[in-house]
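Colleague: I am new to this structure and would like to learn how to read its features. Could we go through them one at a time?

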Amino acid sequence: MQALQVNFIETDQSIEKMADATPSSWEEVCERFDNDVHRVKTVTDPDGYTALYACYDENNQPVYYLVEENQDLSRLRHKTFLDKLGRPKA
């Protein structure tokens, strides 16, 4: 699964692709942000991305990514949920 970092303007809900952004592995992105990711909205993109996600850094600042939602993403979200069960809150 690939993810593409973008700029998201909340006031008008627009998405701007960054000129220098290259696709990254969604699993690596999730690990980098300690799985603190949240789905923002559904999108239609000619490159096949279907959803916009916000990933929150250690300062709780969002970084936005376009992601292609598919069965692998569903499995990854379920696995992450199960891995976090029973862990004490930080």
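Predicted model: local features only at pLDDT ≥ 70, side-chain atom pairs only at ≥ 80, totals over all residues.

Colleague: How many salt bridges does a search of the whole structure find?

Modeller: The search finds three salt bridges. A salt bridge here needs a side-chain nitrogen of Lys or Arg within 4 Å of a carboxyl oxygen of Asp or Glu. In one of them, the side chains of K17 and D45 meet with N and O 3.0 Å apart. K17 belongs to strand 2 and D45 to the loop between strand 4 and strand 5, so this pair links distant parts of the chain, 28 residues apart.

Colleague: Are K17 and D45 buried or exposed, or something in between?

Modeller: The general idea is a cut-off: buried means under 20% relative accessible area, exposed means over 50%, and partly exposed lies in between. K17 has 39%, so K17 is partly exposed. D45 has 17%, so D45 is buried.

Colleague: Which other residue forms a salt bridge with K17?

Modeller: D47 does, with the closest N and O atoms 2.6 Å apart. This pair also links distant parts of the chain: D47 is in the loop between strand 4 and strand 5, K17 is in strand 2, and they are 30 residues apart. D47 has a relative accessible area of 53%, so D47 counts as exposed.

Colleague: Which residues form the remaining bridge, and where are they?

Modeller: R39 forms a salt bridge with E69, and the closest N and O atoms are 2.8 Å apart. The pair connects distant parts of the chain, with R39 in strand 4 and E69 in the loop between strand 6 and helix 2 (71–84), 30 residues apart. R39 is at 35% relative accessibility and so counts as partly exposed. E69, at 28%, is likewise partly exposed. As for shared partners, salt bridges join K17, D45 and D47 into one network.

Colleague: Next, the rings. How is a pair of aromatic rings described?

Modeller: The description uses the distance of the centres and the angle of the planes. This structure holds four aromatic pairs. In one of these, the ring centres of W26 and Y53 are 5.3 Å apart and the planes stand at 55 degrees, so the pair is tilted. W26 is in helix 1 (residues 26–32) and Y53 in strand 5 (residues 51–56), which puts them 27 residues apart. W26 has 1% relative accessibility, so W26 counts as buried. Y53 also has 1% and therefore counts as buried.

Colleague: Which aromatic pair is edge-to-face?

Modeller: F33 and Y65 form such a pair, with 6.3 Å from centre to centre and 70 degrees between the planes. An angle over 60 degrees counts as edge-to-face. F33 lies in the loop between helix 1 and strand 4 (37–42), and Y65 lies in strand 6 (residues 62–67), so the pair ties together parts 32 residues apart in sequence. Both F33 and Y65 are buried. Ring pairs link W26, F33, Y53 and Y65 into a cluster.

Colleague: How should I read a nonpolar core, and which residues make up the largest one?

Modeller: The general idea is a set of buried nonpolar residues joined through side-chain atoms within 4.5 Å. The largest core has 11 residues: A3, W26, V29, C30, F33, A51, Y53, C55, V63, Y65 and V67. Helix 1, strand 5 and strand 6 each supply at least two of its residues. Another core lies apart from it and has nine residues, including L4, F8, L52 and A54.

Colleague: What is V63 in contact with, leaving aside its neighbours within four places in sequence?

Modeller: V63 is in contact with Q5, F33, Y53, A54 and C55.

Colleague: What about the strands? Where do strand 1 and strand 2 meet?

Modeller: In a regular strand, side chains alternate between the two faces of the sheet. Strand 1 (residues 2–9) and strand 2 (residues 14–17) run antiparallel and are joined by four bridges.

Colleague: What is the overall pattern along the sequence?

Modeller: The protein has two helices and six strands, in the pattern β-β-β-α-β-β-β-α. Of its 90 residues, 27% count as buried.

Note on methods. Residues numbered from 1 in each chain as written. Heavy atoms only, no water. Pairing = 2+ DSSP bridges. Phe/Tyr/Trp six-rings, centres within 6.5 Å; stacked < 30°, edge-to-face > 60°. Buried < 20%, exposed > 50% of the residue type's maximum accessible area, 1.4 Å probe, protein only. Contact = heavy atoms within 4.5 Å.
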